[in-house]
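Please brief a reader who is new to this structure.

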Amino acid sequence: MSLLTASQLVALYGNPSWHKTGKGRSVDLDDAWERKNIRWFKLHTGKRVRLHRLVGAEFVAIFKEACEVSGYTPTSVQTFVPRTIGRSDKLSLHSYGVAVDFAPNDNWLGAVRRKK
């Protein structure tokens, strides 16, 4: 959920013009926007994640501190995924590279639940 309007998101992170691919929630983002804004960042766990260039370094530092303080490191971290929100025509914050899901298969907010 975003506390920002669509125009505020664009003002902060740029306009990732897009269109639906016809494959579920997937979208195709403007290649130039993606090249300019989405970067690889390495977490303290060794895993590499893709995030917006304006938030990546800060996320890496906060994630490391949170893991150390809590004593818990999520089994997976999902970041940049070009897609819409549910069945809407609204772009997900994952498409901007500013949203993160922790262990989506293990938490109740994840889209897919693993059978135990």
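F41 is buried, with a relative accessible area of 16%, where buried means under 20% relative accessible area, exposed means over 50% and partly exposed lies in between, computed with a 1.4 Å probe on protein chains only. The model is a predicted one, in which local features need pLDDT of at least 70 and side-chain atom pairs count only at pLDDT 80 or more, while totals for chains, interfaces and linings use all residues. Residues are numbered from 1 along each chain as its sequence is written, and side-chain values use heavy atoms, with hydrogens and water left out.

**Surroundings of F41**

- F41 belongs to strand β3, which covers residues 38–42; strands (E, at least two residues) and helices (H or I, at least four) are DSSP runs, numbered from the N terminus.
- Apart from neighbours within four places in sequence, F41 is in contact with K47, R48, V49, L51, H52, R53, G56, A57 and V60, contact being defined as heavy atoms within 4.5 Å.
- Between F41 and H52 there are 9.6 Å in space, C-alpha to C-alpha, and the two are 11 residues apart in sequence.

**N37 and H52**

- N37 lies in helix α2, made up of residues 31–37, and is buried at a relative accessible area of 3%.
- The side chains of N37 and H52 are joined by a polar contact of 3.3 Å, a term for a pair of N or O atoms within 3.5 Å; within protein, one must be able to donate a hydrogen and the other to accept it, and residues adjacent in sequence count only if both atoms are side-chain atoms.
- When neighbours within four places in sequence are set aside, N37 is in contact with Y13, L51, H52 and R53.

**H94 and its polar partners**

- H94 is placed in helix α4, residues 93–96, and is buried, its relative accessible area being 5%.
- The side chain of H94 makes a polar contact of 3.3 Å with the side chain of D101, and a polar atom of the H94 side chain lies 3.5 Å from the backbone oxygen of A99.
- Not counting residues up to four places away in sequence, H94 touches Q78, T79, F80, V81, R83, A99, V100 and D101.

**Aromatic rings**

- There are 5 aromatic pairs under a rule by which rings of Phe, Tyr and Trp (its six-membered ring) pair if their centres lie within 6.5 Å, with planes under 30 degrees apart counted as stacked, over 60 as edge-to-face and the rest as tilted.
- The pair of Y13 and Y96 is tilted, because the ring centres are 6.5 Å apart and the planes stand at 55 degrees.
- Since Y13 lies in helix α1 (residues 6–13) and Y96 in helix α4, this pair ties together parts that are 83 residues apart in sequence.
- Y13 counts as buried at 15% relative accessibility, and Y96 counts as buried at 5%.
- F59 and F102 form a stacked aromatic pair, with 6.3 Å from centre to centre and 25 degrees between the planes.
- Because F59 lies in helix α3 (residues 56–70) and F102 in strand β6 (residues 101–102), the pair ties together parts 43 residues apart in sequence.
- F59 is buried, with a relative accessible area of 14%, whereas F102 is partly exposed at 34%.
- One aromatic cluster is formed by Y13, W33 and Y96.

**A charge over a ring**

- The charged end of R48 sits over the ring of W40, 4.5 Å from its centre, which is counted when NZ of Lys or CZ of Arg is within 6 Å of the ring centre and within 35 degrees of the ring normal.
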